[in-house]
Amino acid sequence: MTTQIALNLALWLLLLGLIAFSKWDYGVVALGVGLLLIIVGCLDPKTALAKFADSSAVMMPGTLLVATAFSKTKAVGKISSLLYKVGGGNFYRCMALFMVINFLLGFLMGAAMTRIAIVYPLILAVCEQNGKKPSKVMFPIGAMLLCDQTKIPIGGAAVTYVKWNNILTNSNYAYGDAFKMTDMFIAAAPICVIMLLYFIFIGMKIAPEEPDREISELSFRPRKDAKPLTSFQEISAYVIFLGMVILLINASKLGIDQWVITTGCAIGMYMTGVLSFADGKNAFPFSILFLYIGAIMMGAALVQTGTGAWIGNIVASMLGDHPSSFVMYMAFSVVCIVLTQFMNNGATAELLFPIAIAVCNSVGCSALGVILAISAASLTAWFTPTATIIMPMIIDGGGYSTKTLLKQGLPPAILKTVCSCLWIAFLFPAWG
C-alpha cells in the first residue's frame, strides 16, 4: 500500500463519516473532501477542475429546470389524477402502475437522470393527492430506475457487445470466446423483472411514512405568488418538455450531446416566460450539483492513486486457482458495489474489467460471466449520496438519513446480487 492509497482510503472514510454523522450540507462535505484530495496529492488540480465541466454535471441543472417549468402546467395535475383513477384510488396500485410505466420507458431511455427529471413532478403530485409523503416512494422509484436497465439490444445498447469484445482483445484475453449482441439482454432482463416486483410489493412497504429530515431540495411546486401560465406559455411548456424527451431518446442518433439539449430547453422555458428567474433560482440544485462534482473527484482519485485497482487485486489474490463461477462473480460484484458508491458506474466497471480478465487468464477460464456480473453490480448504486447522479435527488426528495438508506437498500442489493450471480453463473459459467 502506497502513502497515496492510504491517504485516499482515509479521506474516503472521512467522507463516509461526515455524510453519516454530521449535519453539514452534503455538497459542502463532498467539495471539501475533494479539496483535501488535491492538497494531499491524491488528485491533480487540472483533473479536479475538469470535473466541474463533466457532461452530467452540466446536464443536471438544465434537466431539473425544465422539470420545474413543466410542474407549473395543468398536465401534472391531470396526469396524477388519471393515475389515481386508473389505480382505483389506491396509492400503492397507483405507484405500482407508475413503476411499470417507468420500466417500459427504460426500454427507450435508459439514463436514470433523464427519467427521474421527467417523473419527479408527477411523483410529488401523486403523493400530495394521496396525502402521502415523498419518503414513501422516492427511494423505491429511484432504485428501480437503476435496476430496470434491461440492455435491450436497440440504440446504443445494440453495440455494447462490440465495446466489451474490444476490452477483451485489449486485455489480451486468452480463453477465446466472445460476447454476442443479445448476451447483455438475456443476462439482465429476468433480474430487472424480479427487482420491479420487489419494489412494487416490498420496497414501498418498507419505505418510511415520514422523512428523517426536512425535505428542502428540489421543490418543484409553483411559488405561492406565481401567476398562472398563459395559453401560449402552457403550450410552449408542453412543446419544449416533449421536445426534450424526444431529443434525449434520439441524442446518439442525432449526434447531439445530452447537456446541449437540456440546457437549450431550459433556456427555451425562460425565453417563453414559463420559468421566471425566481423559479429557477429556487429550483437550481447547487447542493446536489456540488455533491456530484465532489463524488466524481473522489472517483478520479480512486483511479489516479490506484486505490480502486489495489482493492480489486486484493480480491483477485483471494480467489485461488480454481474459484467457482458463483464465488468469483460474487466477489467482484461486492467490490464493485462498494466502489460504485463513490465512483461513476461506468468508470467503476471499466476499472474492474481488466483486473477480472487478468484473473480469468491466470486460471484459464471464461471472463464473459464476471464482466456481466460486474456490469450488473455497478448499478447497485444507492447507499450513499455520492453513489450516482440521481441519489442526491432521491435523498433530498425523500428526506432520508444514512440509516434509512441502509434499511431500504440492503434487502434489494442482496436480492439483486445473489440472483444476478446465480443467473449469470448458470448462463455463462467460468468453467464451461
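This is a predicted model: local features need pLDDT of at least 70, side-chain atom pairs count only at pLDDT 80 or more; totals for chains, interfaces and linings use all residues.
1. Let's start with Lys132, which counts as partly exposed because its relative accessibility is 24%. The side chain of Lys132 meets that of Glu209 in a salt bridge, 3.8 Å from N to O. The pair links distant parts of the chain, 77 residues apart: Lys132 sits in the loop between helix H7 (112–130) and H8, and Glu209 in the loop between helix H10 (183–206) and helix H11 (231–249). Glu209 is partly exposed too, at 39% relative accessibility.

2. Have a look at Lys133 and Glu210, whose side chains form a salt bridge at 2.8 Å, N to O. Lys133 is in the loop between H7 and H8 and Glu210 in the loop between H10 and H11, so this pair ties together parts 77 residues apart in sequence. Lys133 is partly exposed at 36%, and Glu210 likewise at 47%.

3. Another salt bridge joins Asp183 and Lys180 (3.9 Å, N to O). Here Asp183 is buried, with a relative accessible area of 2%, whereas Lys180 is exposed at 53%. Elsewhere, salt bridges with shared partners connect Lys132, Lys136 and Glu209 into one network. The whole structure has five salt bridges.

4. On helix packing, H8 (residues 138–147) and H20 (residues 391–398) meet at an angle of about 170 degrees, their axes 9 Å apart. The two are therefore roughly antiparallel, and their crossing is right-handed.

5. Finally, the surface: Leu7, Leu14, Leu35, Leu36, Ile39 and Val40 make a nonpolar patch of about 490 Å². H2 gives the most to this patch, with three residues. Ile39 belongs to helix H2 and is exposed at 67% relative accessibility.

Terms used
Residues are numbered from 1 along each chain as its sequence is written. Side-chain values use heavy atoms; hydrogens and water are left out. Patches are made of residues with over 30% relative accessible area and no salt bridge: like charges are joined within 9 Å, nonpolar side chains (Val, Leu, Ile, Met, Phe, Trp, Tyr) within 5 Å. Accessible areas come from the Shrake-Rupley method with a 1.4 Å probe; for residues, only the protein chains shown count as cover. A salt bridge is a side-chain nitrogen of Lys or Arg within 4 Å of a carboxyl oxygen of Asp or Glu. Helices (H or I, at least four residues) and strands (E, at least two) are DSSP runs, numbered from the N terminus. Buried means under 20% relative accessible area, exposed over 50%, partly exposed in between (1.4 Å probe, protein chains only). Axes are lines fitted to C-alpha atoms, for helices over the stretch in contact, and angles run from 0 to 180 degrees between N-to-C directions. Angles under 35 degrees count as roughly parallel, over 145 as roughly antiparallel, 65 to 115 as roughly perpendicular and the rest as oblique. A crossing is left-handed if the near helix is turned anticlockwise from the far one by less than a right angle, and right-handed if clockwise.
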